[in-house]
Amino acid sequence: MDAGIIIFISIAYVTFLFLIAYLAEKREKAGRSLVNNPVIYSLSLAVYCTAWTYYGSVGRAATSGLGFLPIYIGPAIIAPLWWILLKKIIFISKSQRITSIADFISSRYGKSTWLGIIATLIAVFGIIPYISIQLKAISTSFDLLVTKQSAVYRHAEIPFYLDSALYIAIALAIFTILFGTRNLDPNERHEGLVAAIAFESILKLIAFLTVGAFITFWVYDGFGDLFQKAMDNPGLSRLFSLEAAGINGWEWFWLSFLSMSAVMLLPRQFHVAVVENTNPNHVAKASWLFPLYLLLINIFVLPIAIAGLDQFPSGAQEPDSFVLSLPLAYGKDILALFVGLGGFSAATSMVIVAVIALSIMIGNNLVLPLLLRTQAFQEEQYGNLSGRLLGIRRVSIVVVLLLAYGYFKAVGEQYSLVSVGLISFTAIAQFVPSVLGGIYWKRATKMGALSGLLAGFGIWAYTLPLPTMVEAGLIPIHFMEHGPFGIELLKPHELFGLHGSNHITQAAFWSLLFNCGIYFFVSLYTSQSPLEISQADIFVDIYKYRKGSSDYDIMRRQAKVQDIRILLNRFLGEPRGNLLLNAYENTQRIDLSQQQVAGADLVNYVETHLAGAIGAASAKIIIGSITKEEPISLEEMFKVLEQTKEIMQYSKALEKKSTELERTTRQLKDANEQLKELDRLKADFITTVTHELRTPITSIKALSRIMKETPGLPEEQIQEFLTIVVSESERLTRLINQVLDLEKIQSNQKNWTLAPIDFAEVTEMAYSGLKQLMRDRKIRHELKIENRPIEVMGHNDRLTQVVVNLISNAIKFCNPNEGAIKVNLRQAGDMAILEVRDNGKGIPKKDQKLIFEKFTQLNDETRGKPKGSGLGLFISHSIILQHSGVIYVRSQPDEGTAFLVEIPLLGTGENRGDEE
Amino acid sequence: MANDKVFRLLGLFFLALLLFNFPILNLFSQGGSLGSIPVLFVYIFLGWGLLILFTARLVESKPEQNNKTR
């Protein structure tokens, strides 16, 4: 075929694409967008299918059967999650005006310049091999169409100025520049481009289906016939078993994993799926239309491969070009030309979108941030920058394509399309941890992302592109066979001694393992800057911010309106800058010409729009140069923290108050309980006293009546009765005296005069008064006094009362059958100690305090009816207190009770005060 | 409602991941054919088609309106 015709058709085709783009842009301006529908969106995603799919899949299928499929099954597997994942990424990117995958990563981690640069470099170096295979596919298909033979000459061996591939690269560069950099769109949206890509997707699908149908149904008699022929051929039947074709589960898994990440994160996929997205809801339809597209374009791959192997058993034709050589072999030149056009469209669509995406990244995330930091640039205040931005992009487009050509010429030619493409997939998979972690894990830090990416990229570069350079002769061969410096563990294709897996698999495994691990651990051990924290919050909780948009007004910055105007004019050109400000004025209903200073709201508005044009990191730097404050200064952070602290303190104080209140309430309740108890005791006491009073009165009354009403009573009888009456009266008197005593002691405590007395004498007197009673009751009794005299300051009668009281108590409560009472008086240090001990039931611990209270009578079943007034111990207690002494009890249940009285001895400090 | 949808989509994802990976895949990779079409070929493309069908049914089931006909 004549080369001139092919070139003419190619140029005509490209012109047609421009026409489509032009029409789409015209309709966009008219407000009737052509691309704002889910079908066009899904077709634009099919830019995923490149020359790799178009030519390479058949080549791969010819050696490994269905082993080419994970690349397309992966996207189908992940597609159900698009509705969750991709939609979230789109929402985030739209709200942050993100324009590329590098911008996305940079923006998430605090709009980091460095992260943007690293991500851009990974993307550029990762994609260059991928672009090179498109050049290879276009040039070999061109060669094939012209000469009808494959591999006539090797591109590496001819001088570059005669090489068709170079001119193809240059043509593609011009084409891409015309397509992508005619003007600067602040949102990086190119509706014309999307329309052209969608058209290319339709064309390549139809072309491939046509050639597939031709081979399956014209050359052969349908699938059945074709497969039957293959199964009869032992060399071909192995293609129907994955293991026989050399594919294992580990490799299959990694290939599908790589494709899952590639379909969303490849720069061109990110560009069409996220940046060019017009409506997030289109994701729903795309998540099944796109896999359907993949299914259709793959259904004839294996049949074509089998047919190629069947028709060219000698291996005269390269499997990568079966798609073209089969129709040529049957003399169908027109069909072959159409198929070639389909391949051309697959390759060009990939190159255009990928290179545009890369040029945006290089411009916004690599060149501009570096440029903005140079002094010369900052001093140059006026002038239009948008022209310069476009210039940067054009240069980067040319550079990227020339690098791709260089890679093709140096190494790409010796490899199949798929094996080179997979190198790029593995590079792009390095973005997975930073992106996935970025949108679901707030704690992920910039340092984590940076170090994870660097580690993954390093291992990728070492294990995949480096060995291809060895085979191109750029690096000595022993490096591959024995590792660097002879270290076998570092052999690039068997890193760390991992044998037996294919090199893509092991590279993907090691690079992602280190990438994820380092990302995770460094994130845990580093902290985030305020800006990182706020960006992390926006990315992870994007739905929250979408609902209440005013919620995240964290940037408190001010700038002069004039500065903003200049800035916009510089970067976007005057018309677009004015348009933006007018739009702002209209929505906010303000007149900016009346204002000197722009508030945070306008500054944020300008920054997000600038970010669309020049990337988040660059926009941050530029806005930073005209604003007064850095985003969230440390002081502000402290202020916020301070406020939080105050609120916390206030709430703590409240809490304290409430516990205090609770305590007071409890105390009051206790006091109330005590009062109630006392009241009850008093009632009991009155009952007891009345009863005690009534008993003697009753007997006096009864005896007196008998004596009065019975004349002639014997004299001794009368005597006896009178004795009782007298004793009962005395008992009455005593009782009444006690009650009176109590009041007296309580009311005029200070009226006693204390004088030096001998406590021993007092005790002896009281004891001997009760001796008879103890003898009557058959109580063993004993008095022991050591070191007499024991002189104290005291009141004779009162002290006697105390001793009598204690001994009476002991008599009352000692063991009723074998009572024993010991009274002991001694000196210990400065104190005189009187101990009165009985052998009664003892007093339970809980009552020991209570017994010195007024009106207390121990009253329980075992003890029976109380025998006293309940005042004795209270009176004693009061008296001893007046003597500056103490009275207490020692008792164990069933081991008797000891009452102890301690009074200071005469001449000690305590008493001298009283003497005066 | 929306939460149910998320879990159903996640479930479909994991099911597909399981069915299109070893060892399940290997069960159909032992050679043999189904009316002269290789079993593996039938399994993969049939399964793929079903996956697309289920994905479509799940994502297009919008609680607020019926979008299937649009």
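Modeller: The area buried between chain B and chain A is about 3,300 Å², and carbon and sulfur atoms give 77% of it; buried area here is the accessible area (1.4 Å probe) that two parts lose on being put together, summed over both. On the chain B side, B:F22, B:F41 and B:W48 lose the most area to chain A, together 19% of what that side buries.

This is a predicted model, in which local features need pLDDT of at least 70 and side-chain atom pairs count only at pLDDT 80 or more, while totals for chains, interfaces and linings use all residues. Residues are numbered from 1 along each chain as its sequence is written, chains are lettered from A and ligands numbered from 1 in the order in which they are written, and side-chain values use heavy atoms, with hydrogens and water left out.

The contact, meaning heavy atoms within 4.5 Å, draws 33 residues from chain B and 40 residues from chain A. Between the two chains there are zero salt bridges, a salt bridge being a side-chain nitrogen of Lys or Arg within 4 Å of a carboxyl oxygen of Asp or Glu. Two residue pairs are in polar contact across the interface, both at pLDDT 80 or more. A polar contact is a pair of N or O atoms within 3.5 Å; within protein, one must be able to donate a hydrogen and the other to accept it, and residues adjacent in sequence count only if both atoms are side-chain atoms.

Four elements of chain B, namely helix 1 (2-19), helix 2 (24-27), strand 2 (37-38) and helix 3 (39-60), each supply at least two residues of the side that touches chain A. Helices (H or I, at least four residues) and strands (E, at least two) are DSSP runs, numbered from the N terminus. Helix 3 of chain B gives the largest share of that side, twelve residues. By class, the side of chain B that touches chain A has 21 nonpolar, eight polar and four charged residues; Ala, Val, Leu, Ile, Met, Phe, Trp, Tyr, Cys and Pro count as nonpolar, Asp, Glu, Lys and Arg as charged, and the others, Gly among them, as polar.

As for the chains themselves, chain B comes to three helices and two strands, which run α-α-β-β-α from the N terminus on. Of its 70 residues, 41% are buried, that is, under 20% relative accessible area, with exposed over 50% and partly exposed in between (1.4 Å probe, protein chains only). Chain A holds 38 helices and nine strands, and buried residues make up 54% of its 916 residues. Among contacts between residues at least 6 apart in sequence, 80% in chain A join residues at least 24 apart; for chain B, residues 24 or more positions apart account for 51% of the contacts with a separation of 6 or more.

Within chain A, helix 37 (residues 872-882) is largely enclosed by the rest of the structure, because eight of its eleven residues are buried. Among them are A:G872, A:F874 and A:I880. A:S884, whose phi is positive, near 55°, follows helix 37 of chain A. Elsewhere, A:S261 lies in helix 12 (residues 249-265) of chain A and counts as buried at 7% relative accessibility. Leaving aside neighbours within four places in sequence, A:S261 is in contact with A:L266, A:A429 and A:V432.
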